[in-house]
Amino acid sequence: MLFNSLQFLIFFPIVVALYYGLPQRRRWVLLLAASYYFYMSWKPEYVVLIMISTAVDYVAGRRMGLLKERSQRRKYLVLSLVSNLGLLFAFKYFNFFSASVQVFFDAISLPVELPVLNVLLPVGISFYTFQTLSYTIDVYRGRIEPEKHLGIFAVYVAFFPQLVAGPIERAGHLLPQFFDEHRFDPRAVAAGLKLMLWGYFLKMVIADRAAIVVDQVYGNLSSYTGMPLLVATYLFSFQIYCDFAGYSFIAIGTAKILGFDLMDNFRRPYLSQSVREFWTRWHISLSTWFRDYLYIPLGGNRVQAGRWAFNLMITFIISGLWHGANWTFLVWGALHGAYVLISHLTSGLRHRTVELLRLSKVPRVHTVLRVLFTFHLAAFAWIFFRAPSLPEAWYVVTHMFRGLGQGPYGFSIGGPDNFVLVVLAIAFMELVHLFEESSQMRHFLDDKPGLVRWPVYVTIALVILLFGIFEETQFIYFQF
Amino acid sequence: MSRLSQDGTRFLRRGLFFALVVAALLLVANAAYLAIVAPQSVFELTEQQFSQQVPDVRLLFMGDSHVKDGLDPRVIPESFNFASPGENYLQTYWKLRHLLEREDLDIQAVVLPLDLHSFSSTRTDQEAYYWYWSRYDFSGEIRRSIPEVSPLALRITALLPVLGNGLEFVRVNWRHSELIRGFQVLRGDFGQLPDKAEIAERQAAEHLGDATVREPLLLESFARLLELAADNDITLVFVRFPVSPQYNAAASAYIGDVDAFYEPMLELIEGTPNATFLDAHALYFESLELFSNSEHLNGPGAEAFTRYLAERFF
């Protein structure tokens with residue numbers, strides 16, 4: 001079930017009404033049933049995978065809770081890791097692995113035919129396996145107590161607002177909330193609705209309209225050069241943000257209406273002044289996951305420089321591969337790793353350049369330049385994220401500046417009016433972002449009288465209704 | 001608890017009021033859409049022109065943009081161009097069925113397209129312009145091509161065409177192409193364009209890229225069209241429309257073996273009385289000035305091709 005579907009608009013109010021109508025001790029039953037229904041409306045049989053993850057990690061957690069020594073707990077951690085990552089490997093990476101090895105075998109003329117699995121990638125498998133893995137790792141580390149209530153643990157794994165595309169929650173943050181008594185709080189519900197409204201605006205007005213241009217160009221790359229490639233690449237940078245952040249806002253808003261507090265997933269990433277900062281603002285729940293469960297266990301930055309570089313690169317590369325089984329994602333991750341590494345290695349040089357150009361005397365100009373530079377680094381990396389294959393990504397890189405003077409064709413793909421609308425909507429979003437850097441827009445509005453607040457909300461709602469795309473387009477991150 | 005309930009009630013009341021305000025404004029916008037945009041759409045303008053000419057129509061041109069822009073009814077008496085952009089066989093079938101039920105009409109022949117993209121799954125976007133198509137009442141069959149869209153969603157689409165179509169308010173002033181007896185006169189000269197192959201590739205990709213080239217529902221509708229024509233004693237002329245060599249090459253690449261692609265359809269046509277096929281795709285390979293773009297004829301091209309068709313059949 002998609003957040004931007006009529007089905008969800010009927011499903012969700014029913015769940016909310018039933019939720020607040022039920023006594024606290026019975027609510028988990030409703031949430032579990034609603035979450036499984038939510039997931040099963042896509043492909044019913046794949047709910048079994050969630051159940052397997054839930055059962056294995058519940059048992060592993062309970063067993064680890066009975067053992068005091070880490071060494072004794074380890075086998076249950078391994079059980080959890082093997083089963084969850086095994087599922088992930090089988091459904092998401094097996095064919096990629098098989099195809100890559102096959103290429104190698106063919107290259108050395110080894111007559112071996114490797115099998116290919118004909119399975120559909122289960123929606124959100126990377127999200128819920130990572131969420132449940134964080135639980136078993138935290139239990140193993142003794143940071144949280146194992147959950148005794150199987151039903152509530154099952155809701156933690158399958159909680160529908162964030163089941164298929166995050167935010168990837170931590171057990172220490174989300175699990176206790178299932179025991180809290182959530183009363184119908186008009187303020188929280190209003191806050192949740194506002195977040196959902198903003199999320200729908202990002203998804204349906206910006207992301208889906210930008211997709212009209214991006215899909216046309218990236219779906220048929222060889223017939224474009226110059227401006228269309230450039231325009232599509234810029235638009236994809238905003239499409240991917242608005243698609244994923246839009247989903248996250250709707251997820252967080254949905255949970256908030258039910259009384260739950262989910263972690264922030266995006267904080268205006270395109271206003272970052274460095275790639276390192278970008279990763280503290282983009283897909284925060286995943287970047288902190290990799291930080292806590294991979295980068296730091298590898299030694300983080302408290303090691304020698306060479307080892308640190310290795311830790312950094314391996315974390316970014318695996319983070320790239322998490323997004324999809326394709327070399328393009330690996331390159332995308334590696335590029336970001338290289339950005340951070342190069343930025344670290346050149347910090348002295350950059351500092352001297354700033355002094356030489358006297359940019360430190362004009363901090364605002366310096367800030368704008370840093371933001372623009374960071375955005376362009378991210379946008380360049382998105383080429384590899386969006387292109388279907390490495391040769392096609394390379395085609396974009398090598399052809400995007402060819403024939404730029406041949407007219408404004410890139411702006412008319414999907415209709416010039418569509419392009420103008422997308423640009424205006426992006427400009428509005430970035431204005432809100434700039435404002436939010438210094439003040440919380442929503443809080444700012446909350447202090448204003450209804451005569452100011454209502455027209456803003458009504459206008460956004462109408463813009464979504466009149467200019468949004470209503471074709472129930474999937475969220476990009478569902479495929480991960 | 002009672003204080004919370006009061007807060008909650010007040011909140012719900014306000015929420016309801018907010019929803020009513022948004023709904024009221026949406027209805028106003030929808031009314032404006034129906035009054036300003038819809039009558040100016042090529043669909044409605046065609047219907048209006050058709051209703052003015054109704055008793056005198058014997059020959060219909062039906063199908064998609066290749067027909068809409070490619071057949072000029074001024075060349076053949078008692079003909080009308082009832083095609084519409086993006087129209088597929090399912091839509092054509094239901095439209096023709098409704099027309100045949102009318103007692104004030106005596107349709108004797110219909111010209112239809114049989115192009116490389118005619119069965120492409122890109123043709124089955126039944127939600128687009130559903131506000132128009134809903135009048136032909138085939139929602140039950142539409143569900144077969146878009147099972148993920150609920151009947152309620154389709155109903156809403158039909159009743160509130162303004163949803164997601166706000167840009168149409170801007171576009172309504174941009175339409176400059178003439179519409180004469182349903183025929184849309186395109187300008188432009190493809191022969192003058194420098195990047196013909198690239199344009200052709202893009203246009204072919206729009207129709208056939210990432211698509212099933214023989215969508216079962218459209219094949220079935222094609223067969224039903226033949227049955228409908230046979231039952232009503234109507235002559236059907238299927239036409240593979242003239243295209244540029246660049247477009248033909250690009251589209252053929254998606255199809256593969258073009259002869260094998262056409263074979264089952266041609267067998268069905270041969271087995272139907274009064275049905276025939278004209279392959280004119282290469283007719284103007286050397287006359288690119290007759291095209292508006294790589295696949296659509298312009299005004300002079302349409303006139304020339306309609307004369308060519310008339311000499312052979314009408």
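1. In this predicted model, residues 24 or more positions apart account for 78% of those contacts in chain B that have a separation of 6 or more. Chain B has 314 residues, of which 54% count as buried.

2. As to overall dimensions, the C-alpha trace of chain B spans about 85 × 50 × 35 Å along its principal axes, and the chain contains 13 helices together with seven strands.

3. Five strands of chain B form an open sheet with parallel pairing, in the order 2-1-3-6-7. Its edges are strand 2 (79-81) and strand 7 (275-279) of chain B, each of which pairs on one side only, and neighbouring strands of this sheet are turned by 20° against each other on average, direction ignored.

4. Within that sheet, strand 6 (residues 235-240) of chain B pairs with strand 7 of chain B in the parallel sense over five bridges, and B:F238 stands opposite B:F277, the latter lying in strand 7 of chain B. Helix 2 (residues 42-53) of chain B packs on the sheet, where it touches strand 1 (59-61) and strand 2 of chain B, and the direction of helix 2 makes about 170° with that of strand 2 of chain B.

5. Helix 10 (residues 216-231) of chain B, for its part, lies across strand 3 (109-113), strand 6 and strand 7 of chain B, and runs at about 145° to strand 6 of chain B.

Notes. Residues are numbered from 1 along each chain as its sequence is written. Chains are lettered from A and ligands numbered from 1 in the order in which they are written. This is a predicted model: local features need pLDDT of at least 70, side-chain atom pairs count only at pLDDT 80 or more; totals for chains, interfaces and linings use all residues. Side-chain values use heavy atoms; hydrogens and water are left out. Helices (H or I, at least four residues) and strands (E, at least two) are DSSP runs, numbered from the N terminus. Buried means under 20% relative accessible area, exposed over 50%, partly exposed in between (1.4 Å probe, protein chains only). Contact means heavy atoms within 4.5 Å. Two strands pair if DSSP finds at least two bridges between them. Axes are lines fitted to C-alpha atoms, for helices over the stretch in contact, and angles run from 0 to 180 degrees between N-to-C directions.
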